Amino acid sequence: MITESEFISFIRTLPECEILPASTIHGQKRTDFLLCGRHIVADLKCLEEDLAKKVGRMLDKRGIIFYGRQRINDLTHGRSDKEELNAKAFSLITTTIESHFRHANKQIQATIQEFNLTDALGMV
């Protein structure tokens with residue numbers, strides 16, 4: 001897995017790229033990078049929360065205790081609530097990721113407006 005600092009170091013090697021200082025525009029955070037001569041407005045989102053632990057806590061509440069890494073289907077196999085548990089696990093993971101994308105989209109839009117980059121593309 002690549003770290004945030006490693007990614008930023010990589011961005012610094014690219015031509016026509018700007019690393020933007022943290023700032024707020026009309027109450028909205030600005031994005032992280034302007035790439036390719038300001039044609040791409042990019043925001044970096046890192047999944048720092050261990051989503052497997054989040055799912056593990058949900059399963060633990062249902063009496064399913066496990067250690068290490070296992071497939072959710074193997075853990076719920078043969079249970080009458082298998083579909084419900086699988087749906088909850090899926091929701092826990094996707095809700096977190098969707099939230100990151102929503103925030104990034106708002107930051108990209110705010111940065112596009114701030115720098116008047118009407119033709120720029122957004123990238124997460």
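## Exercises on helix H4 and the largest pocket

Helix H2 (51–61), helix H3 (72–76) and H4 each give at least two residues to the lining of the largest pocket. This is a predicted model, where local features need pLDDT of at least 70 and side-chain atom pairs pLDDT 80 or more, while totals for chains, interfaces and linings use all residues. Residues are numbered from 1 along each chain, and side-chain values use heavy atoms, without hydrogens and water.

**Exercise 1.** Find which helix supplies the largest share of the lining of the largest pocket.

*Solution.* Start with the helices, which are DSSP runs of H or I with at least four residues, numbered from the N terminus. H2 supplies the largest share of the lining, five residues.

**Exercise 2.** Decide whether Ile-93 is buried, partly exposed or exposed.

*Solution.* Locate Ile-93 first: this residue lies in H4 (residues 82–114). Then recall the classes: buried is under 20% relative accessible area, exposed over 50%, and partly exposed in between (1.4 Å probe, protein chains only). Ile-93 has a relative accessible area of 32%, so Ile-93 is partly exposed. For contrast, the buried residues of H4 include Leu-85, Ala-89 and Thr-96.
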